[in-house]
Amino acid sequence: MRVVEPLTDKKIRAAKAGDKPLMLFDGGGLYLEITPAGSKLWRLKYRHAGKDNRMSLGRYPDMSLKDARESRGALRKLIDAGLDPLAERKRVIAEATATEAELRNTFEYVAREWHEKVKSQWSEGHQKRILSRLEKQLFPYIGNMHISQLETTDYLAAIQKAEARGVIETAHRLAQLCGQVVRYAINAGIIKYDAASTLKGALSHAQTKHYAAITEPAEFGRLLGDIDAYQGEPAICHALRILPYVFVRSRELRGAAWNEIDFDAGQWVIPAARMKMRRPHIVPLAPQVVRLFQSMRDYSSNSALVFPSVQSANRCISDMGLLNALRRMGYGKDKMTIHGFRSSASTMLNGQGYNRDWIEAQLAHAEKNAIRDAYNRADYLPERCRMMIEWANYIDGLRQGAMARQE
């Protein structure tokens, strides 16, 4: 019987590649194969069920000589027990793969995957709100459960914790969120039926939240007069004076940049990144609004922002700053809100018989029919331009009427 001299690191390092594979034996079936390309690979030669077999262990020096010998010892115990180490390795890998697949199909994994795929459609703030609801109100209860095993009662038990706290609207939002994740799982072939489809019917009725808004024309005229008379920071004053004319959302106005406004064309194009629906939005500017923007240039021409904060030219004014100004004028939270300017315009324009589609397009509300929505926003621009000029003249008349009654 040929005696095999154990390997040493020195001998391994000194070994050179040749034209053919070189095998350096260490004993017990362990050997190092040196390929013509210079790779040094640990292998184990063994016999099982009357057949010779080989299996790879690792690459030198990633797997040291000591580690290779320890691996040989462990595998030899399997062989002595009548097991095929190569078959055992395949079994372990198969089990690990199956376990990984199970982990991939938990509600949390699927929900995070869904969120990652759809978040580009939302603003950054909305992305964070959705993820926060998942992490704080759903994952702790159903996150580690396989989504194929979740029943309606499981979803309901998690959602009703919010309902029990009295936050009914949040409970309905969670039900909607579960439905979106489940439908994604169906489309991905992970599950076959929608266990979240009947959730809303099992929850208490959610009352619609309405923002306080002045919709009576004469009273709205008095509000405009109070805004004109308000003394405060130029950015706050100008933003409040512009807001009734354009009825955009607060964050869309506050974040306005000078490069978005085309004074010659009388248009303001709000980029998709700041829009709730993640689409660019054109705001036609009546001559009165153009003059207000031009007036604001005297205060913020050195900033990229139209309405910079007094604390930093790189930050816009806050929503709270606008709201506090309204409160100082005497308009409480039950009387008027910043968002209420949109409701005021919508109510009065609809009351005057303007085309509802024009109004909805100018408010940048989503159209349920996506194709119709795309056409509307392009086709209605001339009508919206005319409507916005007529609206500006109308509310100027309301202001003048309110001032005349005060004299």
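The model is predicted, so local features need pLDDT of at least 70 and side-chain atom pairs count only at pLDDT 80 or more, while totals for chains, interfaces and linings use all residues. Residues are numbered from 1 along each chain as its sequence is written, and side-chain values use heavy atoms, with hydrogens and water left out.

**Aromatic pairs**

- Twelve aromatic pairs are counted, where rings of Phe, Tyr and Trp (its six-membered ring) pair if their centres lie within 6.5 Å, and planes under 30 degrees apart count as stacked, over 60 as edge-to-face and the rest as tilted.
- Phe293 and Phe307 form a tilted pair, with 6.3 Å from centre to centre and 45° between the planes.
- This pair links distant parts of the chain, 14 residues apart, since Phe293 lies in helix α11 (residues 287-300) and Phe307 in the loop between α11 and α12 (319-328); helices are DSSP runs of H or I with at least four residues, and strands are runs of E with at least two, numbered from the N terminus.
- Phe293 also counts as buried, because its relative accessibility is 0%.
- Phe220, Phe247, Phe341, Trp391 and Tyr394 are linked into a cluster by ring pairs.

**Charges over rings**

- The charged end of Lys161 sits over the ring of Tyr141, 4.9 Å from its centre, the rule being that NZ of Lys or CZ of Arg is within 6 Å of the ring centre and within 35 degrees of the ring normal.
- Arg297 lies over the face of Trp258, at 5.6 Å from the ring centre.

Conventions. Buried means under 20% relative accessible area, exposed over 50%, partly exposed in between (1.4 Å probe, protein chains only).
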